[in-house]
Amino acid sequence: MSSGSDTTFWVDASDSLEEKALNELAQDAQDVGGDVPETDALWAASLYSDLATDAAIGGYLGESGESHSGRWRRVPESPKHKSELSGPLSNVVNSIIEHFSASGPDAACEAVDTHTAPFKCEAVHTAYFSASPDIAVKASGPSFSYPNEAFLGFTNVSACFITKLHTNASNVLDDLAQTAGFAKKMFIYQPNRLFVRSLFLTENQARLFHFDRSGAQYTPPFDFHRKPHMFIRLVLGLCTTKEKILGLNDSIQWSTGSNGRKVNGTLKTLDSGNTIITYNLMMSECPFVRTGICGRGTICWPVTNAHGEKFVVKDQWITGSRTPQFELLADAKHLPGVCHMVSYQDNRTQTKEFRGSTDTFDKDAFQNRRATRIVMKAYGPSIEKFSSPEQVLSALRDAIAAHRALLSRNIVHRDISPGNVLWGAPGAKEGSRGVLVDLDTALRCNKLAAQDRANFKIGTRMFQSLMVLKTWKMVQHEIPAQNYLDDLEAFFWLFAYLLLTYKADGKQASTNHMQGWLASWLQEPSLAYYTKYTFLYSIRAAAETQRLMNDGWRYSCADLFVEFRDYMSKLATQKEDLVSKENGEPEVADGLPNKFSTLLENIDEHYDHILGLFDIALDKAKEGGKTDRAQDNAPSVPQTTTTSNDTPTKAPAPTKDAPTASLPAALSSSRSDQSTLITSCDSPKTSPHTHSTSPRSSKWRSEEAELDEWPTNVKRACPPSRRSLGTVVEPTLQVFISPIVS
């Protein structure tokens with residue numbers, strides 16, 4: 001399945017593993033949104049009331065002997081170490097499960113003390129925090145399966161319990177970070193999760209943590225000795241075999257084999273006629289999974305219908321702040337080169353339904369999200385999976401034409417990147433050889449609102465235009481709406497990326513110093529802006545790119561690179577001049593300045609010129625020139641001598657002509673949309689990343705689109721990221737780490 005590779009969170013390479021783990025825990029805490037609210041005491045008391053009556057609980061307390069004189073007898077009163085709590089508490093939980101028959105013939109739960117039983121806890125990507133919960137509730141049923149070569153792991157736990165000595169439990173944010181780390185892994189390894197709940201326990205008190213796509217909340221601590229009814233109901237709710245109560249989406253179900261592993265599965269949804277339709281999950285091609293907790297929580301399921309036709313089912317959690325993707329896809333129906341939507345479901349459920357009353361929360365502490373599901377036609381892999389220049393040129397050419405077609409329906413894409421330009425079906429005709437997907441961040445350019453301002457936090461950092469990057473330092477009221485020229489420039493950055501990263505046959509290019517430029521495009525918006533500015537205008541940068549590109553590119557693509565670059569630099573200059581004018585044009589909506597109207601009048605000229613450049617290059621590629629088949633040892637083009645001043649003085653230039661950073665592994669491995677291929681959906685692994693020298697460097701995806709529009713006064717150091725839809729091509733569990741964004 002085509003995917004995206006978002007980088008993980010890094011601290012300085014000199015830091016210890018402990019410091020890196022702490023940094024990751026801090027990221028997990030921030031990943032759940034803004035200020036995490038504490039609920040009132042009534043919410044926890046109201047949960048799971050139908051799972052056990054007061055009379056039944058009273059009978060258990062009287063008969064079991066587990067509680068005496070207002071205290072759970074097994075739990076030590078003055079433990080010296082937290083490990084002394086896990087065993088006794090596990091026994092108490094199992095006693096409750098057994099008495100209330102929480103397990104059944106087809107599903108079961110059991111509390112396991114992980115200090116005495118092995119727990120498989122794989123670090124996602126190259127994450128450092130890989131601790132296991134103190135108590136894991138081992139579960140079986142339609143949504144659970146044994147992990148690879150293990151008895152217990154995040155693939156078969158219904159809840160995690162964390163223990164700590166009461167004297168060490170004074171900082172709720174520390175507890176939030178730890179529980180958030182476990183919740184994140186449960187969302188990854190159980191991709192049909194709607195919400196996750198965990199219990200935090202000391203020898204005296206308990207606290208419930210709740211996580212969903214709106215973030216997190218937690219209860220006040222309560223004395224579980226003095227409130228055994230509340231404690232028992234919470235245990236039953238977290239250990240139940242009823243999947244809806246556990247927070248699992250039961251429209252997605254699996255069957256397991258004799259080894260406890262999933263062997264097949266189904267997904268039920270509504271077709272275009274609002275009739276229930278059942279798709280078969282493609283077990284050899286596992287779902288695309290997002291790691292961030294708070295946000296859209298995108299999951300893409302590769303499926304087939306009864307006739308064996310392939311589709312992608314995209315589950316997301318959206319707010320009302322942007323036009324839903326299904327509305328935009330409906331407007332784009334039948335456009336060549338644009339993803340085709342088959343059906344959709346809106347408002348399947350909402351996060352507010354999981355949380356009880358939020359009236360007492362601060363205004364910005366909770367943002368409701370609703371679940372949507374879109375069924376789309378499946379296409380080929382990312383544009384990065386190519387074997388010839390002709391393939392790349394044809395896919396890019398048709399994607400640009402599709403972008404023009406979208407604009408005819410008043411839609412601007414806003415996230416041009418490798419994972420969003422896919423190959424069309426085998427043998428696709430001109431116009432459909434490259435397909436644009438993922439309208440998550442797209443806008444209607446005929447109905448602009450304040451949220452449509454250009455924003456460096458929206459899109460894929462590496463391919464953002466200069467104007468979008470420049471918003472990092474612009475005053476809010478001066479920022480215009482993002483427009484189609486920003487996307488056309490993004491196509492240029494994508495083209496340059498492919499030329500410098502790959503050979504003409506699709507294999508990895510040899511390491512060269514120009515790849516340091518690519519690494520800098522992933523950095524903070526200020527550095528990305530300055531280095532991109534120099535790359536776009538510097539004669540030396542252009543000459544070096546031509547010199548270092550693989551010889552197989554040169555015959556068909558060298559001229560295209562220069563002419564495409566020159567054209568985009570001319571347009572960027574015109575935009576810069578218009579932005580610099582003191583007297584802008586009238587506002588169009590919600591204070592949005594309308595500075596580019598004179599430039600945007602030339603839509604046809606802009607698209608015709610760029611498509612013409614690609615047509616010429618395609619003709620050359622089809623000729624099969626000798627240079628297209630040149631080997632790596634063929635003579636290189638001599639380096640061009642440049643003048644001493646090749647950078648315009650009208651905008652600030654970087655202190656060095658080219659960054660010295662090495663190309664991150666996220667770029668130097670086989671594809672940028674990368675998760676390492678694995679043989680099982682239960683063991684997500686991804687390619688290693690090179691450590692950068694800053695916790696905020698190495699941002700493949702610099703985007704807050706997974707958050708939609710979080711209130712502006714909420715500080716978010718590291719919002720969850722999003723990646724493109726992708727498609728059905730590989731048997732991998734696509735897992736992406738959210739980057740840190742300024």
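Is F151 buried, partly exposed or exposed? I looked it up: F151 has 37% relative accessibility and therefore counts as partly exposed. I note at the start that this is a predicted model.

I looked for a partner of F151 and found Y146, which forms an aromatic pair with F151. For the structure I counted 36 aromatic pairs.

**Entry: a second ring pair**

Next I took F495 and F564, another tilted aromatic pair. Here I read 6.5 Å from centre to centre and 35° between the planes. Which parts of the chain does the pair of F495 and F564 link? F495 belongs to helix α11, residues 484-501, and F564 to helix α15. The two are 69 residues apart, and the pair links distant parts of the chain. I checked accessibility as well: F495 is at 0% and counts as buried, and F564, at 1%, counts as buried.

I turned to charged side chains. Side chains of opposite charge can pair when their charged atoms come close. How many salt bridges does the structure hold? I have 27 on my list.

One of them joins the side chains of D212 and R355, with 2.9 Å from N to O. D212 is in strand β7 (residues 205-212), and R355 is in the loop between β16 (341-345) and β17 (370-377). They are 143 residues apart, so I noted a link between distant parts of the chain. D212 counts as buried because its relative accessibility is 0%, under the 20% limit. R355 is buried as well, with a relative accessible area of 1%.

**Entry: K314 and D440**

I looked up K314 and found a salt bridge with D440, where the closest N and O atoms are 3.1 Å apart. K314 lies in strand β15 (residues 310-318), and D440 lies in the loop between β20 (434-436) and β21 (443-444). The pair therefore ties together parts that are 126 residues apart in sequence. K314 is buried at a relative accessible area of 1%, and D440 counts as buried at 2% relative accessibility.

**Entry: D551 and R554**

About how many helical turns separate D551 and R554? The answer is about one, because they are three residues apart in helix α15, which spans residues 551-580. Are D551 and R554 buried or exposed? Both are buried.

**Entry: charges over rings**

Last, I looked for charges over rings. The charged end of R213 sits over the ring of F187, at 4.2 Å from the ring's centre. I also noted K575, which lies over the face of F596 at 5.7 Å from the ring centre.

Definitions and conventions:
Residues are numbered from 1 along each chain as its sequence is written. This is a predicted model: local features need pLDDT of at least 70, side-chain atom pairs count only at pLDDT 80 or more; totals for chains, interfaces and linings use all residues. Side-chain values use heavy atoms; hydrogens and water are left out. A salt bridge is a side-chain nitrogen of Lys or Arg within 4 Å of a carboxyl oxygen of Asp or Glu. Helices (H or I, at least four residues) and strands (E, at least two) are DSSP runs, numbered from the N terminus. Buried means under 20% relative accessible area, exposed over 50%, partly exposed in between (1.4 Å probe, protein chains only). Rings of Phe, Tyr and Trp (its six-membered ring) pair if their centres lie within 6.5 Å; planes under 30 degrees apart count as stacked, over 60 as edge-to-face and the rest as tilted. A charge sits over a ring if NZ of Lys or CZ of Arg is within 6 Å of the ring centre and within 35 degrees of the ring normal.
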